[in-house]
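Please look over the model shown here before reading on. What do the words used for a pair of packed helices rest on?

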Amino acid sequence: MPNLRIVVVNTVIHDEGDEALHAQAERARVLRIGLLEAGYDIIASLPPDMYLPERIGQLQPDMIIVDAESDARDVLEHVVIATRDERRPIVMFTEDQDPESMEAAVEAGVSAYIVAGLQSERIKPVLQVALAQFKREQKLLDELSDTKSKLAERKVIEKAKGLLMERQRFTEEQAYQKLRSMAMSKNLKLSEVAQRILDVEDLLG
């Protein structure tokens, strides 16, 4: 899995004098060390702000790592918006143990939600598992989408067949062969020809 292009989303450190910010800075350092030691390519560290979707769209990372010590749900909202149009594996390291936060993260598509587990030696195996989990979920989503698409196409074909049977007094087999012949002559899919027939019918009222 090395050579993954990774974007890290974390809280911006403004004031090194604050104890909480010191802790966040240390977390960011440990994360960076773990990623570099594992051979990953950190292409950017970004704040969770309104510009995040645009930046991620420009950078096109392979994975997003969220480092949110206590504001996991707030950060997650920005990440979800940023990955809404193109899913990517998301790994979240946080100290937020709120069950609602965990549930919201999983619902939003986070591949791994790691509480109090930001040790540099753990980063590589966590990312490997997260990527495998993401690929598995993506495969299931693709299969589901394909099934829905085929079902929708079948419904369109059946509707067009019914229209031909009604308008031209075809048998079901004749209607099917008519659609098939039109599809072959126009070099189109059966469902595309069927949809054109239905569209013409709609235009003619």
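This is a predicted model: local features need pLDDT of at least 70, side-chain atom pairs count only at pLDDT 80 or more; totals for chains, interfaces and linings use all residues.

Q: Why are α5 and α7 called oblique to each other?
A: Helix α5, residues 120-168, and helix α7, residues 190-204, pack at an angle of about 55 degrees, with axes 8 Å apart. Roughly parallel would need an angle under 35 degrees, and roughly perpendicular begins at 65, so the pair is oblique. The crossing of α5 and α7 is also left-handed.

Q: How do you know which residues make the contact of α5 and α7?
A: Contact requires heavy atoms within 4.5 Å. The contact is made on the α5 side by E153, V156, I157, K159, A160, L163, L164 and R167, and on the α7 side by L190, S191, A194, Q195, I197, L198 and E201. Sorted by class, this contact of α5 with α7 holds nine nonpolar, two polar and four charged residues.

Q: What makes α6 and α7 roughly perpendicular or oblique?
A: Helix α6, which spans residues 172-186, packs with α7 at about 105 degrees, and their axes are 9 Å apart. The range from 65 to 115 degrees counts as roughly perpendicular, and therefore α6 and α7 are given that description, roughly perpendicular. Where they meet, α6 contributes Y176, L179, R180, M182, A183 and K186, while α7 contributes L190, V193, A194, R196 and I197. The classes in this contact of α6 with α7 are eight nonpolar, no polar and three charged residues.

Q: What is the angle at which α5 and α6 pack, and what is it called?
A: The angle between α5 and α6 is about 115 degrees, with the axes 9 Å apart. Since the roughly perpendicular class is given as 65 to 115 degrees, α5 is therefore roughly perpendicular to α6. The crossing of these two helices, α5 and α6, is right-handed. In α5, I157, E158, A160, K161, L164 and M165 meet E172, A175, Y176, K178 and L179 of α6, and these residues divide into seven nonpolar, no polar and four charged.

Q: What separates the centres of domain 1 and domain 2?
A: The protein chain is divided into domain 1, residues 5-118, and domain 2, residues 143-204, and their centres, taken over C-alpha atoms, are separated by 48 Å.

Conventions:
Residues are numbered from 1 along each chain as its sequence is written. Side-chain values use heavy atoms; hydrogens and water are left out. Axes are lines fitted to C-alpha atoms, for helices over the stretch in contact, and angles run from 0 to 180 degrees between N-to-C directions. Helices (H or I, at least four residues) and strands (E, at least two) are DSSP runs, numbered from the N terminus. Angles under 35 degrees count as roughly parallel, over 145 as roughly antiparallel, 65 to 115 as roughly perpendicular and the rest as oblique. A crossing is left-handed if the near helix is turned anticlockwise from the far one by less than a right angle, and right-handed if clockwise. Ala, Val, Leu, Ile, Met, Phe, Trp, Tyr, Cys and Pro count as nonpolar, Asp, Glu, Lys and Arg as charged, and the others, Gly among them, as polar. Domain bounds come from an automatic or database domain assignment.
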